Each structure stands twice: as C-alpha cells, then as structure tokens.
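Have the sequence and the model open beside you, and take the points in order.

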Amino acid sequence: MVLLMNKAKVLESIKKVGVVAVVRAESKEQALKITQAAVLGGIKAIEITFTVPGALEIIKELAKHYEGTDVIIGGGTVLDVETAKKAVDAGAKYIVSPCFVAEIVEFCVKNEIAVMPGAMTVREAFMCMQAKADIIKIFPGELFGPAIIKSIKGPFPNAQMMPTGGVSAQNVAQWIDAGVVAVGAGGSLTAGAKTGDYESITKIAKELVENVALARKEVK
C-alpha cells in the first residue's frame with residue numbers, strides 16, 4: 001500500500017482551504033486539465049470520481065505529479081471496499097462515497113485513511129458518526145440547501161460536514177455560515193470543461209476559495 005500523508009494533515013489541508021474540486025470528466029485528458037485549472041485557482045483537494053473513464057490511472061498519475069506538494073488527490077464515488085483499496089494503492093489520500101457504506105468506512109478507519117461517506121438524513125449522519133467517519137458528505141446538497149446543516153447540527157453539534165451538489169461561488173458563504181468545514185464543488189466549478197474553457201474553472205476556483213475565506217472571517 002502506498003505510504004500516505006498523515007490523516008490528520010490530510011484533513012487539516014482540506015479544511016484549511018475549505019474547497020474540494022469534484023472532478024467528473026469524459027476523458028483522462030479532460031480530467032487532468034480540470035485538475036490543473038482548479039489547482040491554479042487555489043484549490044488543493046482534488047476528488048477524482050470513479051465515474052471518470054480510467055479513474056485509477058488518473059489518480060496514480062496525479063498523485064505522482066503532485067507528490068511533495070500541498071495538493072492532495074482523493075478517490076470519489078467509491079462504492080465498495082475493493083475500489084477503495086485500489087484508489088489508496090494508486091495514491092489517493094482520502095476516500096469519498098455518495099452514501100454510507102459501512103465496509104468502506106471500516107477499511108479507512110482501520111488503515112488511517114481520511115473518509116467522507118455521504119448522508120442526507122439525520123439517521124444517515126448519525127450512522128456516519130457512529131462509524132467514526134472523518135467528514136460527512138451531505139449529498140445531494142441542493143435538495144435542502146444550507147438549512148439541513150443547521151438541522152443536523154441541532155442534535156449533533158460536533159458533526160463535521162461537507163456539502164456537495166448545488167454549491168457555487170455565489171452561495172458558498174451560506175454553507176460556511178451554516179457550519180460546514182468544507183464544500184465540494186462539482187458542476188458549478190467544472191462546467192467550462194465541456195467547451196474547453198478551462199480558464200473559467202480557474203476563475204471560479206479562485207472565487208470559491210476567496211469567498212470561503214471571507215465567509216469564515218464573518219462567522220468568527
């Protein structure tokens with residue numbers, strides 16, 4: 001298994017910038033260009049989803065390329081333990097799932113790998129916390145918006161949450177105000193890739209990072 005950055009440092013890095021770029025692409029080339037554009041915009045955490053053709057190869061290439069830097073590569077849309085293991089072996093420093101899969105969380109906890117299972121209800125959030133997940137991915141975020149964060153924080157004030165879906169530079173401050181530790185940005189960030197406009201991805205990445213930082217100052 002590839003030697004990983006200390007889990008605590010991985011989580012610290014994700015929370016520091018507060019934005020994870022969720023990369024869904026039609027090809028390896030597109031995924032690499034999206035990643036490069038997002039990193040140029042200041043995003044340090046890149047989630048390569050396993051819906052991307054050749055995701056494993058992309059994770060391996062990016063992990064090697066950014067080795068020794070503050071950019072961390074993770075595997076997303078991980079649905080089973082075997083995929084989680086392959087992603088980690090390829091160099092992924094964190095694992096993200098769209099829903100709670102106990103075996104994946106158990107594997108990651110046992111091997112000191114940062115893990116972010118998905119949840120959309122209070123019960124699912126509780127299951128993630130019971131299993132000792134590091135961050136709860138609130139997905140799909142657009143269904144309920146920031147209000148769901150405050151609702152979950154009612155019974156679980158210490159819940160560490162990261163919404164994905166419906167997060168944009170325009171509404172990210174609302175999510176931060178609700179109490180999330182980071183956000184996952186997908187379609188709103190990477191839309192330009194469809195037309196080859198990677199400069200727009202860098203521009204939106206900068207806006208997301210800046211707006212998170214500003215919102216955090218206001219919350220304090």
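1. Let us begin with Ala182, which counts as buried because its relative accessibility is 0% (buried means under 20% relative accessible area, exposed over 50%, and partly exposed in between, with a 1.4 Å probe and protein chains only). Ala182 sits in the loop between helix 8 (172-178) and strand 9 (183-185); helices (H or I, at least four residues) and strands (E, at least two) are DSSP runs, numbered from the N terminus. Leaving out residues up to four places away in sequence, Ala182 touches Ile14, Gly18, Met161, Met162 and Pro163, where contact means heavy atoms within 4.5 Å.

2. A word on what you are looking at: this is a predicted model, in which local features need pLDDT of at least 70 and side-chain atom pairs count only at pLDDT 80 or more, while totals for chains, interfaces and linings use all residues. Residues are numbered from 1 along each chain as its sequence is written, and side-chain values use heavy atoms, with hydrogens and water left out.

3. Next, please look at Ile136 in strand 7. With 3% relative accessibility, Ile136 counts as buried. Its contacts, apart from neighbours within four places in sequence, are Pro117, Ala119, Ala125, Cys128, Met129, Ala159, Gln160, Met161 and Met162. One of these, Ala125, is eleven residues from Ile136 in sequence, and their C-alpha atoms are 6.7 Å apart.

4. How do helix 2 and helix 3 cross? The axes of helix 2 (residues 28-40) and helix 3 (residues 55-65) come within 10 Å, at a crossing angle of roughly 35 degrees. Here axes are lines fitted to C-alpha atoms, for helices over the stretch in contact, and angles run from 0 to 180 degrees between N-to-C directions. Helix 2 brings Lys28, Ala31, Leu32 and Thr35 to the contact, and helix 3 brings Glu57, Ile58, Glu61 and Leu62. These residues divide into four nonpolar, one polar and three charged; Ala, Val, Leu, Ile, Met, Phe, Trp, Tyr, Cys and Pro count as nonpolar, Asp, Glu, Lys and Arg as charged, and the others, Gly among them, as polar.

5. Now turn to helix 4 (81-90) and helix 5 (residues 102-110). Their axes come within 9 Å and cross at roughly 35 degrees, and this crossing is right-handed. Val81, Ala84, Lys85 and Val88 of helix 4 meet Glu103, Ile104 and Phe107 of helix 5. By class, the contact has five nonpolar, no polar and two charged residues.

6. Phe126 belongs to helix 6 (residues 122-130), while Phe156 is in the loop between helix 7 (147-153) and strand 8 (161-163), 30 residues apart. Phe126 is partly exposed at 36% relative accessibility, whereas Phe156 is buried at 15%.

7. Two details meet at Phe139. Lys137 lies over the face of this ring, at 4.7 Å from its centre (a charge sits over a ring if NZ of Lys or CZ of Arg is within 6 Å of the ring centre and within 35 degrees of the ring normal). The peptide bond from Phe139 to Pro140 is cis, with omega near -5 degrees. Pro140 is in the loop between strand 7 (136-138) and helix 7.

8. Finally, check two backbone angles. Thr77, in the loop between strand 3 (72-76) and helix 4, has a positive phi of about 50 degrees although it is not a glycine. Lys132, in the loop between helix 6 and strand 7, also has a positive phi, near 70 degrees. Is each of them buried or exposed? Thr77 is buried, at 16% relative accessibility, and Lys132 is exposed, at 60%.

Definitions and conventions: Left-handed = near helix turned anticlockwise from the far one by under 90°.
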